[in-house]
Amino acid sequence: MKNIYGILVFGVLSGLVLIEGQSLGIAETVKSSKSQPSAQASPQAGEQKSHKNESKWREKMQDLYRALVELTTDASSEQRFNAPANHSRIEKNTKKLMDRAHEMSEKGLSPDADPTIKMVSGLFQDETKRAYWALKSGNRAYARGILNQVSSYCIACHTRNNSGPSFASLPLEPVSKGLDALEQGRFYAATRQYDRALDTFLKVVDDPSAPIQRPLEWEQAIRSGLAIAVRVKKDPDQAQALVERVIASKKAPYFLKQDAAQWKVSIVKWREEIPRRALTEAGLHVEAMQLIAQARELQKYPMDHSADVLYLRATAVLHELMQTAPDGRFSQDALFLAGMCYDILRPLHLDDLHEIYYEACIQKIPHSPTAETCYRRYEQSTYEGYTGSSGTHIPEEMRLKLERLESLARPEKSINF
Ligand code: HEC
């Protein structure tokens, strides 16, 4: 199974070299390609339909991959992005992202039952639509800003845990002259080339000037690398190698070194744990709860990042729970817990991921106690989001949304007060 899948992927993607490599002039030879089978077993029912959907899904992903290679190249330099000769290609590829995002959110297409897929497709679609209309209306700088960050959506879906294929290397590469190491790392993570992504993030972390000259990017490389080592690779050694570098960095800010020291403690404990293989819904739920309880104990204040390794591990388990039993008895709780973890891990890949989990949690079982808790969290996060130095200004559209969600969340009895 493993090999057949690998060969299939290898075959299809090497085909792309022939078609696309020429037009880009960047045909790379394929060094190797390996894959893991999906973690979730297809349910017996509708076996054929699910195969058909899997291959449709794969086609869409490969299409996204080609579009991302070209867009990453084009958006990497301002001059290239604005050169009239490139306008139609950029527009075509942006439209491709937008259309694929739309199709991905269609019911029943995803081979993965995790509701995250539909939620992230929705965000991805909104964002690519914005980029497309910005291009259409001549606002190129704004469009470029969005397109430069678009890989976050691919990464958010692909680095949830170790499900789905993983590639040692893929045939096409963005022309990388204009790409810095962080952008390269993000490209590799977005396209499931996890070993290359980790190596590249490590390079950023090792750069002694980065914590001073580009502190935000430096932190992003650390957190993205940690997410891959902990969730996709599930490898304490790789996670520790990264964390040790942060601790050893002479110029790292104090708070990050403090966090890193705590991450190391969590990683050492993790290595000593007896490996578990919870497979049932209840087992996965217990495991996630235990990790979150340990994480809370470690935190000194609510948004403290010192327990991130535990929260990353908890989210990997929660995604597994949502993949296994998207409508099971813990499904609403899983949405709530995922929202809470992503709230604390913020901003890991996407700023508003936690809010869409809270929203999905309210909608899953309206008027339930968990829905109420999710609403409180949602409302609080919204208020924080719209609060600046001049006070809190909630736009009308958002206020109406809050009202709608609140009436869904409240206990049924109190509706007619
Ligand atoms: C909404 C979630 C989501 C988003 C967004 C997403 N992907 Fe995927 N992608 C998946 C899933 C799920 C799989 C694995 C399916 C499986 O289990 O085989 C996948 C698989 C892939 C594959 C492997 C395809 C194969 O041949 O097996 C590639 C390549 C890929 N994605 C590229 C991308 C790129 C590039 C982007 C961003 C431009 C992207 N994806 C955005 C969910 C997503």
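What percentage of the 417 residues in the protein chain do buried residues make up? Buried residues account for 42% of the 417 residues, where a residue is buried if 20 or more other C-beta atoms, placed from the backbone, lie within 10 Å of its own, exposed if 12 or fewer do, and partly exposed in between. The structure is a predicted model, in which local features need pLDDT of at least 70, side-chain atom pairs count only at pLDDT 80 or more, and totals for chains, interfaces and linings use all residues. Residues are numbered from 1 along each chain as its sequence is written.

The protein chain contains 19 helices and two strands; these are DSSP runs numbered from the N terminus, helices being H or I runs of at least four residues and strands being E runs of at least two. Two residues are taken to be in contact if their C-beta atoms, placed from the backbone, lie within 7 Å. Of the contacts between residues at least 6 apart in sequence, 68% join residues at least 24 apart.

Helix α11 (residues 215-232) consists of 18 residues and reaches 25 Å from its first C-alpha to its last, close to the 26 Å expected at 1.5 Å a residue; the expected span is 1.5 Å times one less than the number of residues. Because 14 of its 18 residues are buried, α11 is largely enclosed by the rest of the structure. Just after α11, lysine 234 adopts a positive phi of about 50 degrees.

Two packed helices are described by the angle between their axes and the distance between the axes. Axes are lines fitted to C-alpha atoms, for helices over the stretch in contact, and angles run from 0 to 180 degrees between N-to-C directions. Angles under 35 degrees count as roughly parallel, over 145 as roughly antiparallel, 65 to 115 as roughly perpendicular, and the rest as oblique.

The axes of α8 (residues 181-190) and α11 come within 10 Å and cross at roughly 25 degrees, and the two helices are therefore roughly parallel to each other. The crossing of α8 past α11 is left-handed, that is, the near helix is turned anticlockwise from the far one by less than a right angle, whereas clockwise would be right-handed. Leu182, Gly185 and Ala189 of α8 form the contact with Glu217, Gln220, Ala221, Ser224 and Ile228 of α11. These residues divide into four nonpolar, three polar and one charged, with Ala, Val, Leu, Ile, Met, Phe, Trp, Tyr, Cys and Pro counted as nonpolar, Asp, Glu, Lys and Arg as charged, and the others, Gly among them, as polar.

For α17 (residues 353-364) and α18 (residues 369-385), the axes come within 8 Å and cross at roughly 150 degrees. The pair is therefore roughly antiparallel, and α17 passes α18 in a left-handed crossing. Residues of this contact include His354 and Tyr358 of α17 and Ala371 and Cys374 of α18. By class, the contact has seven nonpolar, three polar and three charged residues.

The axes of α13 (residues 254-272) and α15 (residues 308-324) also come within 8 Å, but cross at roughly 50 degrees, which makes α13 oblique to α15. Here Trp263, Ser266 and Ile267 in α13 meet Asp308, Val309 and Leu310 in α15.

Alanine 307 lies in the loop between α14 (281-298) and α15. This alanine 307 is buried, with 25 other C-beta atoms within 10 Å. Its C-alpha atom is separated by 6.7 Å from that of tryptophan 263, 44 residues apart along the chain. Not counting residues up to four places away in sequence, alanine 307 touches Ala295, Leu298 and Gln299.
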